[in-house]
Amino acid sequence: MPILSVKKLTKSFGGLMAVSNVNMEINKGELVGLIGPNGAGKTTVFNLLTGIYEPSSGTVTFDSNGVKKDIQGLKPHAISKIGLARTFQNIRLFKDLTVIDNVRIAMHQNVKYGLISSFLHLPSYSREEALLTEKSLELLKILKLGHKKDELAKNLPYGEQRHLEIARALATKPALLLLDEPAAGMNPAETSQLTELISWIRKEFDLTILLIEHDMSLVMKICERIYVLDYGTVIAEGTPEEIKNNKRVIEAYLGEDLNNAGD
Amino acid sequence: MKKTAKSNLAIKLVSLVSTFAIIQLLIYLDIINDYLQATLATICINIILAVSLNLITGFTGQFSLGHAGFMSIGAYTCALITLRNPTIPGFILGVLSGAVAAALVGAIVGLPTLRLRGDYLAIATLGMSEIIRIVFLNLDEITNGAAGLQDIPQFTNWMWLFIYTTGTVLIISNFIKSSHGRACISIREDEIAAEAMGISSTKYKVTAFTIGAFFAGIAGALYASTFNFIDPKIFGFSKSIDVLVIVVLGGLGSISGSIIAAVLLGIITTYLQAFANIQMILYSVLLIIIMIFRPQGLMGSKEISLSVFSKLGDSLKSKKGRV
C-alpha cells in the first residue's frame with residue numbers, strides 16, 4: 001500500500017526544468033533512498049513534497065491512515081500536520097533557542113490550550129506545558145541529547161545538530177520522514193552510528209523513510225529501494241544491487257565511456 | 001520546586017505592591033509634582049508601546065513602523081467615548097473599545113501586508129499608519145480635523161497607569177513563555193523551518209500583530225486621557241520611530257530591556273529640558289554612543305529575572321567565603 005505516490009511531478013524555474021515528470025511510489029514502512037549527482041534535483045523534489053515549492057504540474061498523493069489526499073500546492077505547515085516531516089541539508093535549527101525549545105516548537109501543532117490560557121497561564125497552560133516538556137525530554141534522551149537540553153542549538157557540535165534536526169522532525173509525529181543528507185559532514189564512525197539510529201527510529205516510531213544521501217555506504221546498507229535522479233528525471237529505480245550494476249547510473253556518476261562518446 | 005515557584009510569586013507580588021505604594025506616597029508628599037507626574041505617565045505609556053512593539057518586531061521578527069497608527073485609533077476611540085460619557089465606567093469602556101478597535105484594524109491590515117518581509121513590510125506599515133492619520137485629519141465632523149479634540153476628561157492617574165502597564169507586561173511576557181509565543185519566536189528564527197515544523201507563519205504573524213495593536217490602542221487611550229488633548233500630528237511617523245528607538249535601545253527580544261529603556265529615556269528627556277535648545281542633539285548623541293557600545297541593545301535578548309538576583313547573591317556569598 002503506497003503511503004506516498006508522486007505522479008508526473010514537474011518544476012520549472014523560468015526556462016530551467018529542475019524536476020521533470022518524476023514518478024515515485026513509496027510503500028508504508030519502506031526505507032527508500034533518493035540519490036543522484038550534484039544538482040540532479042533531489043532537494044528540489046523534497047521541497048516540492050513538503051510544500052516549500054509549488055509544483056508546475058503533477059500530483060503528490062499522501063495516504064494518512066487510509067485517507068488519500070492530494071497535497072501538492074498545500075502550505076508547508078499543512079503538509080506537516082498531515083504527517084510528513086523533514087530535515088534540511090543545510091541545517092536549519094532555531095539557532096538562538098535552547099535544544100528543548102527547538103523540539104517543543106515542533107510539538108506545537110498538538111497543543112490544545114488557547115490564547116487566553118497563554119495570556120493568563122491558566123491551569124490548562126501549566127498542565128500541557130509540563131506534558132510538552134516531558135515528551136520533548138523523552139525524545140531528546142532517545143537521540144542522546146537529554147543532557148544538553150538547555151544548551152543553545154548553535155553551540156552544539158555539528159553531529160549533534162544533525163541529531164537535533166531529526167529529533168525536531170520526529171516531534172511533529174510524522175508517518176513519513178524525509179531526511180536530506182543526514183550524514184553530510186560526518187566521519188565514517190559517526191555515519192555508521194547514524195545508520196543504526198535511522199534503522200532504529202524507523203522501527204521504534206513505525207516510520208516510512210525517504211532519504212537523500214551521497215554516502216553510498218549508508219545508502220547501500222539500509223535502503224531497500226533506490227531512486228536515481230539525474231538532470232531532474234528518474235533514470236533508474238530498484239534494489240541496491242540492481243542500482244550498483246545499472247549502466248545509466250554509472251554513466252550519470254562517472255560520465256560516459258570515452259569510446260562511446262567518440263561515436 | 002513548587003515551593004520556589006510560590007516564593008517567587010510572593011516576591012513578585014511584594015515588589016509590585018511596594019513599587020505602587022512608594023510612588024503613590026511620593027505623589028501624595030508632592031515629591032513627584034505635577035510636572036514629574038506627566039513624565040511618569042509618558043514613561044508608562046512608552047513601556048506599553050515598546051513592549052507591544054517588541055512582541056511584533058523583537059520576538060516575531062516583523063519590522064513594523066505602524067505603531068503610532070494603532071495608538072491613534074485607541075486615543076480617538078477613548079476620547080470620543082469619554083467626551084460623551086465622562087464617568088469611570090465610560091473611561092474603562094473607552095480604553096477597552098480603543099484597544100479592540102486598534103486590534104481589529106491590526107488584524108485587517110496584517111492579513112495582506114504580513115506577506116511582505118523586512119523593509120518592504122516596514123514601508124507598508126508606515127503607509128498604513130499615514131492612512132489612518134489622514135483619515136482622522138479629514139473626518140472633520142467626528143474628530144475635529146487638524147484642530148484636534150480638546151478637553152478630554154482626565155481619568156488617568158497613577159493607579160490606572162500602574163494597572164494597565166503591569167497588565168500589559170504580564171500578559172505579553174506570559175504569552176512569550178507559552179507554546180504560542182514560541183511559535184512566534186520560531187518565525188523570527190527561521191520562517192521556512194518553522195513552517196516545515198507545522199507552524200502557520202501567517203496565523204502567528206497576524207496574531208502577534210493583533211496583540212501588539214491591541215496594547216498600542218490601550219497606550220493611545222491612556223495618552224488621550226492623561227494629556228486631555230489629541231490631534232493627528234501627535235501620531236505621525238516620528239512617534240512610531242520613537243517607540244522603535246526604545247525597543248532597539250532596550251534590546252530586540254527583551255521585555256525587561258524595553259522597560260528599562262523606556263524609563264531611562266523618560267528620565268533623560270526630563271533632565272535634558274534644562275538644555276532646551278540643544279536637547280535633541282544631546283539625545284541623539286546619547287543614542288549613537290549607546291548603539292556603538294551596545295549594538296545589541298542594553299539587554300540584548302536577555303531578561304532580568306529573580307534567578308539573576310539569586311545568582312548575584314550566590315556569587316557575592318562565594319566571594320565573601322574566599323576572603
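Modeller: Let's start with a definition: a residue is buried if 20 or more other C-beta atoms lie within 10 Å of its own. This is a predicted model, by the way.

Colleague: OK, so which residues in α3(A) are buried?

Modeller: A:V99, A:I100, A:D101, A:N102, A:V103, A:R104, A:I105 and A:A106. Each of them therefore has 20 or more other C-beta atoms within 10 Å of its own.

Colleague: And why is helix α3 of chain A called largely enclosed?

Modeller: Because 8 of the 8 residues of this helix, 99-106, are buried, the rest of the structure largely encloses it.

Colleague: What covers the buried residues of α3(A)?

Modeller: The cover includes α5 (123-142) and α6 (158-171) of chain A, together with α8 of chain B.

Colleague: How many residues of chain B are in contact with chain A?

Modeller: 21 residues of chain B, and they meet 30 residues of chain A. The cut-off here is C-beta atoms within 7 Å. On the chain B side, α7 (158-176), α8 (179-189) and α9 (191-196) each supply at least two residues. The largest share, 8 residues, comes from α8(B). By type, that side of chain B divides into 9 nonpolar, 8 polar and 4 charged residues.

Colleague: How confident is the predictor in the complex, in terms of ipTM and pTM?

Modeller: It gives an ipTM of 0.91 and a pTM of 0.90. For chain B, the mean pLDDT is 90, with 93% of its residues at 70 or more.

Colleague: Which residues touch the most other members of the largest nonpolar core?

Modeller: Among its 151 residues, those are A:A167, B:I48, B:A50 and B:A219. Helix α10 (201-227) of chain B gives the most to this core, 15 residues.

Colleague: What does B:I48 touch?

Modeller: Leaving out residues up to four places away in sequence, B:I48 touches B:Y164, B:T165, B:T168, B:F215, B:I218 and B:A219.

Colleague: Now the sheet in chain A. What makes β2 and β5 edge strands?

Modeller: The order is β2-β1-β4-β5, an open sheet of 4 strands with antiparallel pairing. β2 (16-27) and β5 (67-70) of chain A each pair on one side only.

Terms used. Residues are numbered from 1 along each chain as its sequence is written. Chains are lettered from A and ligands numbered from 1 in the order in which they are written. This is a predicted model: local features need pLDDT of at least 70, side-chain atom pairs count only at pLDDT 80 or more; totals for chains, interfaces and linings use all residues. Two residues are in contact if their C-beta atoms, placed from the backbone, lie within 7 Å. Ala, Val, Leu, Ile, Met, Phe, Trp, Tyr, Cys and Pro count as nonpolar, Asp, Glu, Lys and Arg as charged, and the others, Gly among them, as polar. A nonpolar core is a set of buried Ala, Val, Leu, Ile, Met, Phe, Trp, Tyr and Cys residues joined through C-beta atoms within 7 Å. A residue is buried if 20 or more other C-beta atoms lie within 10 Å of its own, exposed if 12 or fewer, and partly exposed in between; C-beta atoms are placed from the backbone. Two strands pair if DSSP finds at least two bridges between them. pLDDT is the predictor's confidence in each residue, from 0 to 100.
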